[in-house]
Amino acid sequence: MNRDELAKQIESGKFREHLQKGFPAEIVSRLDQLRADELKKRLNQVISVPIDLSGEMSHELLELYYTASWYNIFEKQNLPRNASVFEVGAGDIVYIPKALDAYSAGQGGKYVTANLNLELSRGFREKTAGMQIDIEIIPDNGANILNYYNEESFEVIAFHHALNDIIQTVIADLEGIDTINNNWWTIEPQLLLAVMEYHNTGRLKDAAYDAFIRIIDTCNRLLKKGGYMVFDNCTYAGYDSMGYSSEFHSAYIDLAREWINEAQLGLEEVEMPSYDRKWWMVLRKV
Ligand SMILES: C[S@@+](CC[C@H](N)C(=O)[O-])C[C@H]1O[C@@H](n2cnc3c(N)ncnc32)[C@H](O)[C@@H]1O
């Protein structure tokens, strides 16, 4: 979301009580002392293209950027405090449950993720252990979520930086790479280079479109009418040198927009003035 707006909200203390509370005390106190223009400058240093995590407090600023951005989406769309959110492929990143936990404020929010990699799921479980919301990890493909939950039972479907993970997993299945039992970071170079190879040889859409749309279509059926499917994407520094194009990665939201439009699933894009369309996509089930 817009960093100017976010910096002003941080300065006003909007996130002090919940989203900043897990940070080391020293970081909390430094964030408290920064005025909005300095906060904006620091956010801009981290939330750049590609994401730059080399500076001080960069991991906390990245987390605050994403948790606050998702919190603000829940708030702007006026979700009930006891909303149910389903995330595909959380890995061990807990930004969405953290945002929901803060938004729900003890009033009964529910969070479910379909997460295939076992080691990352263990990390996810540890990091979310103290949250008040009801949390469930389903060790299955997001495409199978209707085996666990009824249609029209969730208010939000979340894809936080997950388009790449979903496409990588589809290609890994074709290439016989095990993404469930392996350490994800050990096989990541193989996954990235395999996707790149399919893209460079013009085979990516033929290989991945059907499996990708199956997940989106299933998630759409899981979504309540009027509910939201929200995607974000970003590009981290350091991948071009290994042959993985950050230009390709930067276009993931546009790729998803094009494929989902083509599939005509009854989802309409919502205008979100503070959210850049290149990095965010918010769809509403009509
Ligand atoms: C590296 S983590 C990504 C975490 C988070 N999306 C992020 O980038 O911040 C990738 C996770 O997505 C999972 N994943 C990929 N495709 C999936 C699918 N179709 N269903 C369930 N999990 C999936 C992987 O198994 C792994 O646990």
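Author: Let us begin with a definition: a residue is buried if 20 or more other C-beta atoms lie within 10 Å of its own, exposed if 12 or fewer, and partly exposed in between, with C-beta atoms placed from the backbone. Please note that this is a predicted model, in which local features need pLDDT of at least 70 and side-chain atom pairs count only at pLDDT 80 or more, while totals for chains, interfaces and linings use all residues. Residues are numbered from 1 along each chain as its sequence is written.

Reader: Which residues of α3 are called exposed?

Author: Asp37, Glu38 and Lys41 are exposed, on the face of α3 turned away from its buried side. Helix α3 covers residues 36-46; helices (H or I, at least four residues) are DSSP runs, numbered from the N terminus.

Reader: Why are the buried residues of α3 said to line one face of the helix?

Author: The buried residues are Leu39, Lys40, Arg42, Leu43 and Val46. Seen down the axis of α3, they fall within an arc of 165°, so they line one face. The arc is that of the directions from the helix axis to the C-beta atoms. Their cover includes α1 (3-12) and α4.

Reader: What makes a set of residues a nonpolar core?

Author: It is a set of buried Ala, Val, Leu, Ile, Met, Phe, Trp, Tyr and Cys residues joined through C-beta atoms within 7 Å. The largest one here has 78 residues, and among those touching the most other members are Val85, Ile96 and Cys219. Its largest share, nine residues, comes from α4. In soluble globular proteins, nonpolar side chains tend to be buried together.

Reader: With which residues is cysteine 219 in contact, leaving aside its neighbours within four places in sequence?

Author: They are Phe86, Val88, Gly142, Ile145, Ile157 and Met229. Two residues are in contact if their C-beta atoms, placed from the backbone, lie within 7 Å.

Reader: Into which domains is the chain divided?

Author: The chain has domain 1 (1-76) and domain 2 (80-285), with bounds from an automatic or database domain assignment. The contact takes 17 residues from domain 1 and 18 residues from domain 2. Helix α4 (residues 58-76) gives the most to the side of domain 1 that touches domain 2, with eight residues.

Reader: How many residues surround the ligand?

Author: There are 21, and Gly89, Gly91, Leu116, Asn117 and His161 are the closest. A residue is near a molecule if its C-beta atom, placed from the backbone, lies within 6 Å of it.

Technical notes
Helices (H or I, at least four residues) and strands (E, at least two) are DSSP runs, numbered from the N terminus.
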